[in-house]
Amino acid sequence: MISDVLATAKEKMDQSIEFAKDDFANVSAGRANPALFERILVDYYGAPTPLQQLASMQQPEARMLVITPFDKAALKDIEKAIVAAPHLGATANNDGTIIRVTMPELTEDRRKEYVKIVKEKAEQARVAIRNLRRAAMSDLEALKGEVSDDEISRGEKELEQITRASIDGVEDALKNKENELLAV
């Protein structure tokens with residue numbers, strides 16, 4: 001019973017770490033990364049549609065991404081959505097068949113702003129992990145009477161270790177992203 005609670009908590013905490021890493025990937029380091037464009041929604045025939053469902057993306061250069069729409073009629077809508085994306089700051093050039101997206105050089109102020117954004121995302125991940133710990137603790141408390149107090153105490157200590165390891169995982173991902181953003 002206790003092992004089930006701990007296994008579930010660990011699995012959910014691992015998912016939180018992966019979500020944070022994916023979230024970090026959406027913050028630009030001055031390079032054109034297709035992951036930056038995953039969350040862009042394009043108004044396609046009146047319905048918000050993810051960009052990766054409407055076009056293929058290739059990266060011919062470090063700061064350039066070539067987007068080829070599957071439906072040429074969506075070209076203008078895709079271009080409009082890319083230009084409107086606040087987190088990119090990219091310029092999009094439409095030649096009638098493809099869109100070339102060029103990422104701007106990052107200034108020092110913009111890099112620091114991105115670091116702040118990443119730190120906020122990391123704090124959200126830490127809060128999510130602590131909420132998972134709280135839920136697992138209440139699940140362990142609910143087992144009182146069925147399981148001995150010593151076993152519950154051991155389970156709580158193990159849960160604290162799992163939580164600490166998960167928060168350390170978020171911290172490591174944050175440090176890596178900070179280093180990537182601040183590297184010139």
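The model is predicted, so local features are reported where pLDDT is at least 70 and side-chain atom pairs count only at pLDDT 80 or more, while totals for chains, interfaces and linings use all residues. Residues are numbered from 1 along each chain as its sequence is written, and side-chain values use heavy atoms, with hydrogens and water left out.

The axes of H1 and H3 come within 10 Å and cross at roughly 170°; axes are lines fitted to C-alpha atoms, for helices over the stretch in contact, and angles run from 0 to 180 degrees between N-to-C directions. H1 and H3 are therefore roughly antiparallel to each other, a class for angles over 145 degrees, where under 35 counts as roughly parallel, 65 to 115 as roughly perpendicular and the rest as oblique. On the H1 side the contact includes Ile2, Val5, Ala9, Ser16 and Phe24, and on the H3 side the residues include Val118, Ala128, Ile129, Leu132 and Leu140; contact means heavy atoms within 4.5 Å. By class, the contact of H1 with H3 has 15 nonpolar, 1 polar and 5 charged residues. In this scheme Ala, Val, Leu, Ile, Met, Phe, Trp, Tyr, Cys and Pro count as nonpolar, Asp, Glu, Lys and Arg as charged, and the others, Gly among them, as polar.

Ser16 lies in helix H1. Its relative accessibility is 13%, so Ser16 counts as buried; buried means under 20% relative accessible area, exposed over 50%, and partly exposed in between, with a 1.4 Å probe and protein chains only. Neighbours within four places in sequence set aside, Ser16 is in contact with Ala128, Ile129 and Leu132.

H3 also packs with H4, at an angle of about 170° and with the axes 10 Å apart. H3 and H4 are therefore roughly antiparallel to each other as well. The residues of the contact of H3 with H4 comprise 16 nonpolar, 3 polar and 11 charged.

The nonpolar cores come next. A nonpolar core is a set of buried Ala, Val, Leu, Ile, Met, Phe, Trp, Tyr and Cys residues joined through side-chain atoms within 4.5 Å. The largest has 28 residues, of which Ile2, Phe24, Leu143 and Leu159 touch the most other members. Leu143 touches Met1, Ile2, Val5 and Ile152, residues up to four places away in sequence not being counted. Another core, of 21 residues, lies apart from it and has among its members Ile82, Ala85, Ile99 and Val101.

Leu159 belongs to helix H4, and its relative accessibility of 0% is why Leu159 counts as buried. With residues up to four places away in sequence left out, Leu159 touches Leu6, Ala9, Met13, Arg133, Ala136, Met137 and Leu140. Leu159 and Ser3 are 156 residues apart in sequence, yet 10.0 Å apart in space, C-alpha to C-alpha.

Attention now turns to the sheet. Its 4 strands form an open sheet in the order S3-S4-S6-S5, with antiparallel pairing; two strands pair if DSSP finds at least two bridges between them. Strand S3 (55-61) and strand S5 (91-94) each have a single partner strand and stand at the edges, so one side of each is left without a neighbour in the sheet. The twist averages 25° from one strand to the next. Helix H2 (residues 75-84) packs on the sheet, touching S3, S4, S5 and S6, and its direction makes about 165° with that of S5. Strand S4 (residues 64-69) is joined to strand S6 (residues 99-102) by 4 bridges, and Met64 has Thr102 in S6 as its bridge partner. S3 and S4 pair over 5 bridges in the antiparallel sense, with Ile67 in S4 as the bridge partner of Met57. S3 and S4 form a hairpin with 2 residues between them.

S1 and S2 also form a hairpin with 2 residues between them. These strands run antiparallel and are joined by 4 bridges, and Asp43 stands opposite Pro48 in S2. Tyr45 is found in the loop between strand S1 (41-44) and strand S2 (47-50). Most residues other than glycine have a negative phi. Phi of Tyr45, however, is near 50°, a positive value. At 65% relative accessibility, Tyr45 counts as exposed.
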